[in-house]
Amino acid sequence: MATHKVVIAEGSFGGITPGIHDYRGQQMEVSIAPMGSVEQVRAASAGAHGVVVGLQRLHRDEIAALGSGVRAISRGGIGL
């Protein structure tokens, strides 16, 4: 079974535990990382399939710095 890697911006949501989770029969590897700068976004999203942010803004430079495998960005539960 493939593992999807999702990184959540630090401070976005409470109560989420990093690690491997089962979601509808799929394994999800969840990590939490700071995303306040281009360098942090680049480091945090390397190897990720998706990024989740709360109210943090991702500007053009941050979006350009996302890892090449990122296929989904979610902001507070709404896909961008």
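**Reading the labels on this predicted model**

Q: Where in the chain is isoleucine 16 found?
A: In this predicted model, isoleucine 16 is found in the loop between β1 (3-9) and β2 (19-23).

Q: Why is isoleucine 16 called partly exposed?
A: Its relative accessible area is 34%. Buried would need under 20% and exposed over 50%, so isoleucine 16, at 34%, falls in between and is partly exposed.

Q: What makes the phi of arginine 24 worth a look?
A: Arginine 24 is not a glycine, yet its phi is positive, about 50°. Most residues other than glycine have a negative phi. Arginine 24 is found in the loop between β2 and β3 (26-33).

Q: Why is arginine 24 called exposed?
A: The label exposed applies over 50% relative accessible area. Arginine 24 has 72%, so it counts as exposed.

Q: How do you know that histidine 21 counts as partly exposed?
A: Histidine 21 has 32% relative accessibility. Since the class in between runs from the 20% limit for buried to the 50% limit for exposed, histidine 21 at 32% is partly exposed. This residue is found in strand β2.

Q: Which residues does histidine 21 touch, not counting residues up to four places away in sequence?
A: Histidine 21 touches Gln26, Gln27, Met28 and Val30. Here touching means heavy atoms within 4.5 Å. As for histidine 4, it lies 17 residues from histidine 21 in sequence and 9.9 Å away in space, C-alpha to C-alpha.

Q: Why is valine 51 called buried?
A: Buried means under 20% relative accessible area, and valine 51 has 1%, so the label applies. Its place is in strand β4.

Q: What does valine 51 touch, not counting residues up to four places away in sequence?
A: Valine 51 touches Val7, Met35, Ser45, Leu66, Val70, Ala72, Ile73 and Ser74. Serine 31 is 20 residues from valine 51 in sequence and 9.8 Å from it in space, C-alpha to C-alpha.

Q: Which members of the largest nonpolar core touch the most other members?
A: They are Val7, Met35, Val41, Val51, Val53, Leu66 and Val70, out of 14 residues in that core. β1, α1 (38-45) and β4 (50-53) each supply at least two residues of this core.

Q: How do you know that the chain agrees with a compact globule?
A: With 80 residues, such a globule would have a radius of gyration near 12 Å; the chain has 12 Å, so the two agree. Its C-alpha atoms fill a box of roughly 35 × 25 × 20 Å along the principal axes.

Q: What order do the elements of the chain follow from the N terminus on?
A: They run β-β-β-α-β-α-β-β, with two helices and six strands.

Q: How much of the chain counts as buried, and how much area is exposed?
A: Of the 80 residues, 31% count as buried. The chain exposes about 5,200 Å², and carbon and sulfur atoms supply 53% of that. Among contacts with a separation of 6 or more, residues 24 or more positions apart account for 45%.

Note on methods: Residues are numbered from 1 along each chain as its sequence is written. This is a predicted model: local features need pLDDT of at least 70, side-chain atom pairs count only at pLDDT 80 or more; totals for chains, interfaces and linings use all residues. Side-chain values use heavy atoms; hydrogens and water are left out. Helices (H or I, at least four residues) and strands (E, at least two) are DSSP runs, numbered from the N terminus. Buried means under 20% relative accessible area, exposed over 50%, partly exposed in between (1.4 Å probe, protein chains only). The radius of gyration is taken over C-alpha atoms; the globule rule is 2.2 Å times the number of residues to the power 0.38. Accessible areas come from the Shrake-Rupley method with a 1.4 Å probe; for residues, only the protein chains shown count as cover. A nonpolar core is a set of buried Ala, Val, Leu, Ile, Met, Phe, Trp, Tyr and Cys residues joined through side-chain atoms within 4.5 Å.
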